[in-house]
Amino acid sequence: MRTNPMKQTLNIAILLAMTLLASACGSRQESSPFVRVEGGSFIRNSRPYSYIGTNFWYGPILASEGEGGNYDRLVRELDTLQSLGVENLRVLVGGDGPDGVFSRIEPTLQKEPGVYNDTILTGLDRFLEELGKRNMQAVLYLNNSWEWSGGYGQYLEWAGAGKALIPLVDGYAPFMAQMAQFSVNRKAQELFFRHLETIVGRTNSRTGKPYREDPAIFAWQIGNEPRCFSSDPAVQDGFIGWLTEAARRIKAIDPNHLVSVGSEGLWGCENDMALLERVTAIPDVDYMTIHIWPYNWSWAHADRLVEDLPDACAKTDEYIAAHLELAKRYGQPVVVEEFGFPRDGFSPERTATTQGRDTYYRHLFAKVGKEIDGANFWGWSGFARPAHVQWERGDDYSGDPAQEAQGLNGVYNDDTTVEIVRQSIQSLHDQGK
């Protein structure tokens with residue numbers, strides 16, 4: 001066959017142009033400052049990425065200039081965490097409802113539907129700015145199924161479904177029955193969607209950068225431990241529906257960042273694997289979250305925390321294993337983004353030892369980079385020195401939120417646990433993870 005020289009030259013030129021275009025597109029993707037999921041793993045800066053981080057729910061309040069703000073402490077906390085190698089912080093965007101409610105953190109962010117405390121909003125901006133300076137990232141959760149930040153109960157109250165119940169006052173059974181209404185209360189959900197769109201669509205007042213363009217955000221999270229609180233099929237359908245819509249709305253505004261649910265896993269899905277799979281299958285969810293609480297789940301008991309460690313570790317292994325196969329089928333990384341273990345003797349006192357906690361942390365951290373892709377312990381108390389066992393207005397914020405005994409699960413800067421965190425992160429880095 002005779003070859004047309006002009007046609008051959010043209011084809012070569014087209015092929016070269018296509019190669020250069022593909023290379024340019026690939027370079028842009030590889031140089032993306034945002035974490036992505038590829039082949040069931042996190043990719044950061046063009047490399048597979050695993051991490052050990054913490055929960056730091058009060059960061060935006062600490063970064064604010066109003067009540068509760070303490071910039072000097074914020075800088076000390078972030079610098080300390082950075083020195084340990086901690087890069088990932090799981091953070092509450094802000095509380096909902098009025099201040100002065102028993103067992104609720106304050107000051108809250110959203111005072112009434114769509115009415116914001118601008119001081120806390122600016123604190124969130126400043127917090128992200130400070131993370132950016134340190135190449136750290138935040139998982140930002142937008143809602144809460146529990147009372148300590150308002151969440152479900154406050155949205156239901158705003159929607160006219162009755163005053164939000166408080167478990168420590170009204171009992172857990174009535175509280176959970178009320179919270180089950182959120183999955184089928186369209187008005188309450190719409191109020192939340194408006195909040196979601198306000199926050200995800202926000203532009204940082206300090207940097208001028210839209211949140212969707214900020215690499216200091218690792219992921220958006222729909223809520224802290226969202227549950228349907230019911231085995232009723234209609235409630236479960238409603239639960240999946242609002243999670244699906246929330247994830248879709250986040251991605252519509254911000255396609256750059258990952259989205260996660262914030263689920264405890266099976267424990268937050270009525271121990272129903274079918275329901276967990278429905279949560280995992282939500283199209284715009286990028287990775288699976290698990291929470292593990294050995295004491296709360298009766299895997300370890302207050303009077304024998306150290307003695308119960310072998311059983312607690314074994315059950316932890318079983319719980320993680322129950323989720324890994326499902327996550328693999330959907331190509332999702334797995335993060336144990338919330339776990340805690342009380343101080344020895346179930347004492348909230350700073351002087352109480354942490355032998356049991358240290359052993360448990362070491363056991364769980366060893367799984368990062370091997371079985372799981374990340375772990376965030378609950379929670380960082382750092383330089384807090386609580387004045388009361390139950391948080392009171394004016395007290396330091398700690399890893400333990402307002403409804404919990406201050407110091408019981410939180411990790412202070414001088415706890416022996418800190419060295420476990422440092423060593424585990426160093427080990428992860430040594431493995432090239």
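Helices (H or I, at least four residues) and strands (E, at least two) are DSSP runs, numbered from the N terminus. Two strands pair if DSSP finds at least two bridges between them. The model is predicted: local features need pLDDT of at least 70, side-chain atom pairs count only at pLDDT 80 or more, and totals for chains, interfaces and linings use all residues. Residues are numbered from 1 along each chain as its sequence is written, and side-chain values use heavy atoms, with hydrogens and water left out.

Figure 1. Strand β1 covers residues 36–38 and strand β2 covers residues 41–44. They pair in the antiparallel sense over three bridges. Glu38 stands opposite Ser41 in β2. Next comes β3, residues 47–49. Three bridges join β3 to β2, and the two run antiparallel. Arg44 has Arg47 in β3 as its bridge partner.

**Figure 2. An open sheet of eight strands**. The strand order is β10-β9-β8-β5-β4-β13-β12-β11, and the pairing is parallel. β10 (258–260) and β11 (288–292) stand at the edges. Each has a single partner strand, so one side of each is left without a neighbour in the sheet. From one strand to the next, the twist averages 25 degrees. Angles run from 0 to 180 degrees between N-to-C directions, and the axes are lines fitted to C-alpha atoms, for helices over the stretch in contact. Strands of a sheet pair through backbone hydrogen bonds, either parallel or antiparallel.

**Figure 3. The pairing of β11 with β12**. Strand β12 spans residues 334–339. Five bridges join β11 to β12, and the two run parallel. His291 stands opposite Glu338 in β12.

Figure 4. Gln332 counts as buried, at 7% relative accessibility. Buried means under 20% relative accessible area, exposed means over 50%, and partly exposed lies in between (1.4 Å probe, protein chains only). The Gln332 side chain reaches the backbone nitrogen of Met288 at 3.4 Å. Such a polar contact is a pair of N or O atoms within 3.5 Å; within protein, one must be able to donate a hydrogen and the other to accept it, and residues adjacent in sequence count only if both atoms are side-chain atoms. Gln332 also touches other residues, among them Gly40, Thr280 and Ala327, not counting residues up to four places away in sequence. Contact means heavy atoms within 4.5 Å.

**Figure 5. Two cis peptide bonds, each in a loop**. One joins Glu106 and Pro107, with omega about 0 degrees. Pro107 is in the loop between β5 (88–92) and β6 (110–112). The other joins Trp378 and Gly379, with omega about -15 degrees. Gly379 is in the loop between β13 (374–377) and β14 (380–382).

**Figure 6. Ser103 and Glu270, two non-glycine residues with positive phi**. Most residues other than glycine have a negative phi, and most peptide bonds are trans. Ser103 has a positive phi of about 70 degrees. Its place is in the loop between β5 and β6. Ser103 counts as buried, at 6% relative accessibility. Glu270 has a positive phi of about 55 degrees. Glu270 lies in the loop between β10 and α10 (273–280). Its relative accessible area is 34%, so Glu270 is partly exposed.

**Figure 7. Gly399, buried in a loop**. The loop runs between β14 and β15 (411–412). Gly399 has 0% relative accessibility. Leaving aside neighbours within four places in sequence, Gly399 is in contact with Trp57, Tyr58, Trp378, Gly379, Trp380 and Ser381. The C-alpha atoms of Gly399 and Leu109 are separated by 19 Å. These two residues are 290 residues apart along the chain.
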